[in-house]
Amino acid sequence: MRTVLVTGPGGAGRTTVAAATALAAAAHGSRTLLISAEAIPGFPAATEPTRVTDRLDHARIDSGEHFRAELTELQNRASGVLDLLGAGRLEGEELTELPGSPQLALLHTLRRAAEGDWSGYDTLVVDLPPLTEALALLALPEQLRRYLRRLLPAERQAARALRPVLAQLAGVPMPAQWLYEAAARKDEELAAVQALIEDEATTLRLVAEPGPAAEDALRTARTGLALYGLSADLLVASRVLPRHSPDPWFAALAAQQEKCLDHWHQDVAGDVPVHEAAHLGRDPEGVGDLAALEIPAPDDRTPGRAGDPWWTEEETDAESAAATTLTWCLPLPGAAKEDLRLVRRGDELLLTVGPFHRIARIASALRRCTVSGAALTDGVLRVRFTPDPELWPRTS
């Protein structure tokens, strides 16, 4: 399945471009599912996949409904413990959605599309939140799985054989049992979403309205994409005004956009092609207006995630002919030294670049080394490692 994740700075029209991308994919013969948390004019608002055109279905995410369903299920699974404690049940109509639930609802929906009852589509188009939130969301499955492994490690599930006996003595299921079962179930769901995000057939489509603010956001996005190992297949410049107009005020706005677009084509977009979507003079409504934007359909030949973005370089001491320094390298275009922070903790490297944060597991050969320095040069982060004599195999 081809997956296209659509995001951009707030107010740039990413939902419109996501819908137009899904429509273009369907028009090219691909059975397509569009997922969005926002209402789209002319599209059904049902939370289950509903027909839009012959090959296009749409499903809208209801984070409030998902939050109530998840909390109700948790209460049912922990009913024995709650009854023992005399806790009062919360009814669905009194549950108020908490911050963070939209992100979890989106992850749940992606899991259904990846391997649940929504699978079977050729193309999946996902309307993500605004740019910075979207990049943090795409890193969330990996982070949550790490938290689960740290808080509830599988190797600590001791005395499995004693749990049924203890449960009979207490008269209720042992908390550790259902807790570990719930953790394993969530880890499995998160693993499916992480696999979808990291799949080679998954790409990111950026949407921005030409202007100085969008240019800064795109420069920051390049750094975030590199940090998380994601790749963009297209940059859509939205609401592009006609080049020539007799009105001086209108012409000045168009000239400002044109200058920005020239810069995008030459520098900001890098190797990503730029598509200019014309301003319709109104907000798009319905399939006809979306088709008029002429957004390209996803290209199956466009590669998605390139794999692990890190690589290792080795420097050899000419006198001893032995490797003395290993350098772990990561491309971070647009990153600034003052926004960069690195901390090594055991076998992990905690890396912060501006608003983005990632915990990377250090390559196996480097875990027996100590960090001897780091530098950011020409958009590449280089972390130097020196073999630890106490851990590195000795040679005669």
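**Salt bridges in a predicted model**

Glu215, Asp216 and Arg219 are joined by a network of salt bridges. This is a predicted model, where local features need pLDDT of at least 70, side-chain atom pairs count only at pLDDT 80 or more, and totals for chains, interfaces and linings use all residues. Residues are numbered from 1 along each chain as its sequence is written, and side-chain values use heavy atoms, with hydrogens and water left out.

Q: Why is the contact between Asp57 and Arg51 called a salt bridge?
A: The term asks for a side-chain nitrogen of Lys or Arg within 4 Å of a carboxyl oxygen of Asp or Glu. The closest N and O atoms of Asp57 and Arg51 are 3.2 Å apart, so the pair qualifies.

Q: What makes Asp57 buried or exposed?
A: Buried means under 20% relative accessible area, exposed over 50%, and partly exposed in between (1.4 Å probe, protein chains only). Asp57 has 8%, so Asp57 is buried.

Q: And how do you know which class Arg51 belongs to?
A: Its relative accessible area is 52%, so Arg51 counts as exposed.

Q: Why is the pair of Asp187 and Arg145 called a salt bridge?
A: Their N to O distance is 3.0 Å, so the pair meets the cut-off. Asp187 sits in helix α7 (residues 175-198) and Arg145 in helix α5 (residues 131-151), 42 residues apart. Helices here are DSSP runs (H or I, at least four residues), numbered from the N terminus.

Q: What makes Arg145 buried or exposed?
A: Arg145 has a relative accessible area of 18%, so Arg145 is buried.

Terms used
Helix = DSSP H or I, 4+ residues; strand = E, 2+ residues; numbered from the N terminus.
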